[in-house]
Amino acid sequence: RDLVRSRGLGDVYKRQLTVTIAGVPTPVRMTQILYRTTDALDRPSATVTSVLHPLNPSGEVLVYDSLYDTLNPEDNPSRFLTGTANVDDLIYTPEVMYATPALLSGKTVVISDIQGPNADFGAGPEYGAATLDGLRAARASANTGVEPGQKTAIFGYSGGAIGSAWAAAMLDSYAPELRPDIVGVVEGGVLVNPERALTYAGNSPLWAGVVGMAITGLDRAYDLHLRDYLNATGQAMMDDLKDKGLLAAAGRYANLHWKDIAAPGYEDIRSVPRLGEVLDKINLVNAPAPSVPVLLTQGDAGFWELTPQVNAANTTGDGVMTTTDVHALRDKYRAAGTPLTYREYGLLSHSVSTLATMGESLGLSLIHI
């Protein structure tokens, strides 16, 4: 939206900027491109990709999916990379440091607004399409330093892993022309089975707000009209979270479960029309296994982030994501022949596992290309 609003007609689709973090300009040049992609309902949509240019290009590319979990379109990476971050948005600016080693080694970094123009939080296939189409847009646009034939890795952690994991699953069918150049995909702290993960995280005084965000995001993405199946508490929650980011939602609710916000007669989440179908559609175990190499990581010490290990979801986890379901994804990948490296951090929670995943990535040829 900022691209269209701030430039003349000839500059609507592309502009050159300097990366600015929290109001501080950096030496990094950036090209932003408005491009066409596909939303959760397979309709044409448009979003923005930001191409960060290294000082000494190596001809290699890192597609970095940001963990900018939000229900506010103003929190997209394309905005905080221009220094126009909101308070909720500032929590994500340190993750730009994750791209620094890639830039220093000469890699061009592609960061797309993977939640689309409406911030459709949790809609995995939409994230995957935006990731792949963002790379396509960077390759199709002149003078970005991104071209066919370059070795390319995709990285995502947490909300970013929703993008990287779905991009890997959709690659062969959605963007097969990109397949020869993808050398690996990182999926860290990934949301596999949303239905069970939301039950698990709902027990946490810290992360239960993510449950409300996901319900609101899926309602928005798939046009589910969930308000019709919620009680007054649930409707108030959706109103409260409709424009909130992760920082604002964290600690906002505790012990938040579907049965507590459902209208009478809809306490079973599967009784809501179309919702069960959507939950199955966004379950990664039901998606195709990737044909490219994958680094899959998961923490398993959610108690550090106050999520009980004994819980209604009948699983352990990192505080947000469920280890049982990550194991199911791991086993699916192995059975399908996906070249897989799996790392489980038994003493780390979700937030700390971010750093461990980055360390693993830098040590493997997936990123160190």
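**Exercise 1. Work out how R330 and D331 pair up and how accessible they are.**

Start with accessibility: R330, at 16%, is buried (under 20% relative accessible area; exposed is over 50%, partly exposed in between, with a 1.4 Å probe and protein chains only). Next, D331 comes out at 39%, so partly exposed. Finally, their side chains form a salt bridge at 3.0 Å, N to O (a Lys or Arg side-chain nitrogen within 4 Å of an Asp or Glu carboxyl oxygen).

A quick note on the model: it's predicted, so local features need pLDDT of at least 70 and side-chain atom pairs 80 or more, while totals for chains, interfaces and linings use all residues. Residues are numbered from 1 along each chain as its sequence is written, and side-chain values use heavy atoms, leaving out hydrogens and water.

**Exercise 2. Find what the salt bridge between D239 and R227 connects.**

First, the distance: the closest N and O atoms are 2.8 Å apart. Then place the partners: D239 sits in helix α8 (residues 232–241) and R227 in the loop between α7 (208–222) and α8, so the bridge ties together parts twelve residues apart in sequence. (Helices are DSSP runs of H or I, at least four residues; strands are E, at least two, numbered from the N terminus.) As for accessibility, D239 is partly exposed at 39%, and R227 is too, at 34%.

**Exercise 3. Locate T37 and check whether it is buried or exposed.**

T37 belongs to strand β2 (residues 24–38). With 5% relative accessibility, T37 is buried. Its side chain reaches the backbone oxygen of A129 at 3.4 Å.

Conventions:
A polar contact is a pair of N or O atoms within 3.5 Å; within protein, one must be able to donate a hydrogen and the other to accept it, and residues adjacent in sequence count only if both atoms are side-chain atoms.
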